[in-house]
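Good morning, colleagues. I would like to take a few minutes to go through one model with you, from the overall fold down to individual residues.

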Amino acid sequence: MAAKPTTAPGLPALHAPPRRPHAWAWAAVLLHVAVAGSWWRFGWPVGLASLVAVHLLFVWGTLRPQSRLFGPVLVRLPTREPVVWLTVDDGPSDDTMAMLDLLDEHGARATFFVVAERAAARPELVREIVRRGHGLGNHSTSHPSAWFWALGPRRMAAEIANAQRLLQAASGVSPHWFRAVVGMANPFVAASLKRLGLARVAWSARGFDAVDGDPARVVARIERDLAPGAIVLLHESAGHGRSVEILQALLERMGALGYRSVLPEDL
């Protein structure tokens, strides 16, 4: 049985699950009717160009993490205060405890978007995330990074709903936030988010820390987009093995710049 949706307290403006998850289908029908009309009225060159443009629009909506084509997505927090939202993807892992200790040292809070199969294997880490006052987000059941963007409606629904169920069982809390795998959300994501009361989160600052293990370079990239309300994307257990060092360097740099890390619930 899927986890029941819950209301996120204190987040009436920020927490926005999709209201019309199937609106994209009606838009697709109308756009293709328009393509057919242009093909009939102006001939195949215009018609074909229109068809390609429509399909490129849907590809763009899927592959761009910040796209709102298929539903609302939170990209930054609405504040002018020097605060950011740190988000950490892909755990729990061997890095989790060290990251939690670093966050404690700096008085920072973060949301961990965890993979449910990994959470089920190490529930004590998920419980520790929650116990220390950090957020827990849904980041799919199995993290199919190569194909998440292309999953059909049944597999997509299973990835999101099963993750919600497993995370609730492991932690005792039901996540309010969802991050698409690799940030790419196709049209079939919205229906599950509405059913489960989840709001989708992207980011506004990233350092490509999943592939670059140099803390200085990663932090420099993040700093270029650091601004009040920025949502920062980080990862744990990256292949280069330096995710903890990167978090430490970022927290130190944020402190030097006068930034604090908070959760949306704190605003």
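I will begin with the chain as a whole and then turn to particular sites.

Please keep in mind throughout that this is a predicted model. Its mean pLDDT is 93, and 96% of the residues reach 70 or more. The exception I wish to flag is residues 1–7, where pLDDT stays under 50. The model has 16 contacts beyond four places in sequence for that segment. Where pLDDT is low, the predicted coordinates should not be read in detail.

Now to the overall architecture. The secondary structure comprises 9 helices and 9 strands. Along the principal axes, the C-alpha trace spans about 65 × 45 × 35 Å. How does the radius of gyration stand against that of a compact globule with 267 residues? Such a globule would be near 18 Å, and the protein has 20 Å, which agrees. Of the 267 residues, 50% are buried. The protein exposes about 12600 Å², and carbon and sulfur atoms supply 60% of that area. As for the contacts between residues at least 6 apart in sequence, 76% join residues at least 24 apart.

Valine 244 is situated in helix H9, which covers residues 243–257. In sequence, valine 244 is 146 residues away from alanine 98, yet their C-alpha atoms are 6.8 Å apart in space. Beyond four places in sequence, the residues that valine 244 touches are Asp95, Ala98, Met99 and Leu102.

The second residue is serine 204, in the loop that runs between strand S6 (199–201) and strand S7 (205–206). Is serine 204 buried or exposed? Its relative accessible area is 18%, and since the limit for a buried residue is under 20%, serine 204 is buried. Setting aside neighbours within four places, its contacts are Val75, Arg76, Asp225, Ala230 and Ile231.

I turn next to backbone geometry. Which peptide bond is cis, with omega near -5 degrees? That bond runs from glycine 91 to proline 92. Proline 92 sits in the loop between strand S2 (83–91) and helix H3 (96–105). Aspartate 90 belongs to strand S2, and its phi is near 85 degrees, a positive value in a residue other than glycine. Aspartate 90 counts as buried, at 16% relative accessibility.

Serine 237 also has a positive phi, near 60 degrees. This serine is in the loop between strand S8 (231–235) and H9. With a relative accessible area of 45%, serine 237 is partly exposed.

We come now to the charged side chains. The structure holds 14 salt bridges. One of them pairs aspartate 101 with arginine 132, whose closest N and O atoms are 2.8 Å apart. Aspartate 101 lies in helix H3, while arginine 132 is in the loop between helix H5 (123–131) and strand S4 (135–138), so this pair ties together parts that are 31 residues apart in sequence. Aspartate 101 is partly exposed, at a relative accessible area of 36%.

Arginine 132 also meets aspartate 104 in a salt bridge, with an N to O distance of 2.7 Å. This pair likewise links distant parts of the chain, 28 residues apart, with aspartate 104 in helix H3 and arginine 132 in the loop between H5 and S4. Aspartate 104 counts as partly exposed, at 41% relative accessibility.

A further salt bridge joins glutamate 159 and arginine 155 at 3.1 Å, N to O. Both residues lie in helix H6, residues 153–171, and they are 4 residues apart, about one turn of the helix. Glutamate 159 is buried, with a relative accessible area of 4%, whereas arginine 155 is partly exposed at 41%. Returning to arginine 132, salt bridges with shared partners join Asp101, Asp104, Glu128, Arg131 and Arg132 into one network.

Finally, I would draw your attention to the surface. Which residues form a nonpolar patch there? They are Trp39, Trp44, Leu48, Val52 and Leu56, and together they have about 520 Å² of accessible area. Helix H2, residues 44–63, contributes the largest share of the patch, with 4 residues. Leucine 56 lies in helix H2, and its relative accessible area of 54% makes it exposed.

Thank you for your attention.

Note on methods. Residues numbered from 1 in each chain as written. Predicted model: local features only at pLDDT ≥ 70, side-chain atom pairs only at ≥ 80, totals over all residues. Heavy atoms only, no water. Patch = residues over 30% accessible without salt bridge, like charges linked within 9 Å, V, L, I, M, F, W, Y side chains within 5 Å. Areas by Shrake-Rupley, 256 points an atom, 1.4 Å probe, with all protein chains shown as cover. Salt bridge = Lys/Arg side-chain N within 4 Å of Asp/Glu carboxyl O. Helix = DSSP H or I, 4+ residues; strand = E, 2+ residues; numbered from the N terminus. Buried < 20%, exposed > 50% of the residue type's maximum accessible area, 1.4 Å probe, protein only. Contact = heavy atoms within 4.5 Å. Rg over C-alpha atoms; globule rule 2.2 N^0.38 Å. pLDDT = per-residue confidence, 0-100.
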